[in-house]
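Student: I would like to go through some labels attached to this structure and ask what each one rests on.
Tutor: Go ahead; each label will be set against its cut-off.

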Amino acid sequence: MKIIKNSSEGIKEAAEILSADGIVAFPTETVYGLGANAFSEEAVTKVYKIKKRPFFNPLIIHVSSYDMATEHGVFNDSANKLVKKYWPGPLSIILNKRKSGVVSSATASLDTIALRCPSNTIASKLLKELKKPIAAPSANKSGKLTCTNPRDIFTKLKNDINAILDGGDAQLGLESTVVDCSEEIPRIVRLGNITLDEISSCLGYKIVTDLQNKKKVKSPGQLLKHYSPDAELILNQNEPRKGDIFLSFGPHPTGIDGLTLTESKNLVEAAKNLFTSLHILDRLSQERGGPPIKVAPIPSNGVGAAINDRLLRAAQK
Ligand code: TXA
Ligand code: MG
């Protein structure tokens, strides 16, 4: 496993590894991706194996431009409206799939494809260098904590992947908002930094979500238990006791172990710090023999809805 520095030679090297069907963890503005050449059956199969991801759960296909996206998905009015406003950026859209070089295992043999054009400049340069789409789920084992920095990827995946392209901490810290535009009425299948209200206002009407509908899991990855640390998470805790491991929102209480997501109760900052903080507190819990991590209540406005979505799934037993 090699850590590749961000430079034009580094990006060339990472693209060469991808071309040779290797697996490279690379930065995006949301979280790190576990990248594979989307045209290679061998590379895509490796990603599923490394993540221990069920083969029915499709990957997001990353592209360098709208034009590249149109080779793989059938755009309609709603998709065009959304990508015009949010691409490049933290939005994935699900479209009907075209017959293209993207191998069918990457989309779990579905008739649809999730496409994303990232704004992170390293991701964008890597895609342009490779000249092919990159299939990339979040860089973590299936169901486990997402990684938003190279250190956590190194700890969790060093024996499984060929390289990490080092882009420092991910700017946003939560996976992209996923909107299914493959049917007449678009639906949000995963919340992210782009909120439900923002998607609704871009489309011009109130959009629905499938998120609380446990019976109808439209997006195979949105199973209830997900994003989980090894330690148990206990949510909505207001009064931590001495000896507890506590993840706070706002100034961290004195004399209590743990850390805060944000001193200033800034939800965007809390989102950015969420997974890194959970990795740190999970390690602390392991050192102490596995006590739970208690988490302060997080407001549900704005990006708070996406933070609470992740926490709820992470806390599922
Ligand atoms: O921010 C992100 O989206 C990151 C970075 C690396 O881009 N990627 C990411 O990928 O979070 P992953 O695999 O962890 O999550 C992809 C989600 C899953 O819930 C999957 O089920 C859903 O998107 N998905 C992908 N293709 C789909 C499709 N054709 N139909 C329905 N859901 C799909
Ligand atoms: Mg994931």
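Student: Where does Lys265 lie?
Tutor: In this predicted model, Lys265 sits in the loop between strand 15 (257-260) and helix 8 (267-287).

Student: Why is Lys265 called exposed?
Tutor: Its relative accessible area is 52%, and exposed means over 50%. Therefore Lys265 counts as exposed. Lys265 also has a positive phi of about 55 degrees, although it is not a glycine.

Student: What is the phi of Asn236, and where is Asn236 found?
Tutor: Phi of Asn236 is near 55 degrees, a positive value in a residue other than glycine. Asn236 is found in the loop between strand 13 (233-234) and strand 14 (245-248).

Student: Is Asn236 buried or exposed, and how do you know?
Tutor: The relative accessibility of Asn236 is 52%. The cut-off for exposed is over 50%, so Asn236 counts as exposed.

Student: What makes strand 13 and strand 15 edge strands?
Tutor: The open sheet has 4 strands in the order 13-16-14-15, with parallel pairing. Strand 13 and strand 15 each pair on one side only, and that makes them the edge strands.

Student: How do you know that strand 14 and strand 16 pair?
Tutor: Pairing requires at least two bridges. Strand 14 and strand 16 have 3 bridges, in the parallel sense, so they count as paired. Within this pairing, Leu247 stands opposite Val295 in strand 16.

Student: Why is Lys294 called buried?
Tutor: Lys294 has 14% relative accessibility. Buried means under 20%, so Lys294 counts as buried. The place of Lys294 is in strand 16 (residues 293-295).

Student: Which residues is Lys294 in contact with, leaving aside neighbours within four places in sequence?
Tutor: They are Ile234, Gln237, Asp244, Ile245, Phe246 and Leu247. Contact here means heavy atoms within 4.5 Å.

Student: Why is strand 6 described as largely enclosed?
Tutor: Strand 6 (residues 91-97) has 7 residues, and 5 of them are buried, so strand 6 is largely enclosed by the rest of the structure.

Student: Which strands does strand 6 pair with, and in what sense?
Tutor: Strand 5 (residues 73-74) pairs with strand 6 in the antiparallel sense over 2 bridges. Strand 10 (residues 177-180) pairs with strand 6 in the parallel sense over 4 bridges. Strand 7 (residues 112-116) runs antiparallel to strand 6 and is joined to it by 5 bridges. Since pairing needs at least two bridges, the 2 bridges between strand 5 and strand 6 meet the condition.

Student: What makes the peptide bond from Trp87 to Pro88 stand out?
Tutor: That bond is cis, with omega near -5 degrees. Pro88 is found in the loop between helix 4 (77-86) and strand 6.

Student: How do you know that the buried residues of helix 2 are on the same side?
Tutor: In helix 2 (residues 41-51), the buried residues are Ala43, Val44, Val47, Tyr48, Ile50 and Lys51. They cover an arc of only 165 degrees around the axis, which puts them on the same side of helix 2. What covers them includes strand 3 (33-37), strand 8 (134-135) and helix 6 (150-157). Just after helix 2, Lys52 takes a positive phi of about 55 degrees.

Student: Why is Leu59 called buried?
Tutor: Leu59 has 1% relative accessibility, and the cut-off for buried is under 20%, so Leu59 counts as buried. Leu59 lies in the loop between helix 2 and strand 4 (60-62). Leaving aside neighbours within four places in sequence, its contacts include Val44, Val47 and Tyr48, which are among the buried residues of helix 2.

Student: Why is Met1 called partly exposed?
Tutor: Met1 has a relative accessible area of 38%. Partly exposed is the range between under 20% for buried and over 50% for exposed, so Met1 is partly exposed. Met1 lies in the segment before strand 1 (2-4).

Student: Which residues form the nonpolar patch on the surface with Met1?
Tutor: Ile3 and Phe154 form that patch with Met1, with about 260 Å² of accessible area together.

Methods. Residues are numbered from 1 along each chain as its sequence is written. Chains are lettered from A and ligands numbered from 1 in the order in which they are written. This is a predicted model: local features need pLDDT of at least 70, side-chain atom pairs count only at pLDDT 80 or more; totals for chains, interfaces and linings use all residues. Side-chain values use heavy atoms; hydrogens and water are left out. Buried means under 20% relative accessible area, exposed over 50%, partly exposed in between (1.4 Å probe, protein chains only). Patches are made of residues with over 30% relative accessible area and no salt bridge: like charges are joined within 9 Å, nonpolar side chains (Val, Leu, Ile, Met, Phe, Trp, Tyr) within 5 Å. Accessible areas come from the Shrake-Rupley method with a 1.4 Å probe; for residues, only the protein chains shown count as cover. A salt bridge is a side-chain nitrogen of Lys or Arg within 4 Å of a carboxyl oxygen of Asp or Glu. The arc is that of the directions from the helix axis to the C-beta atoms.
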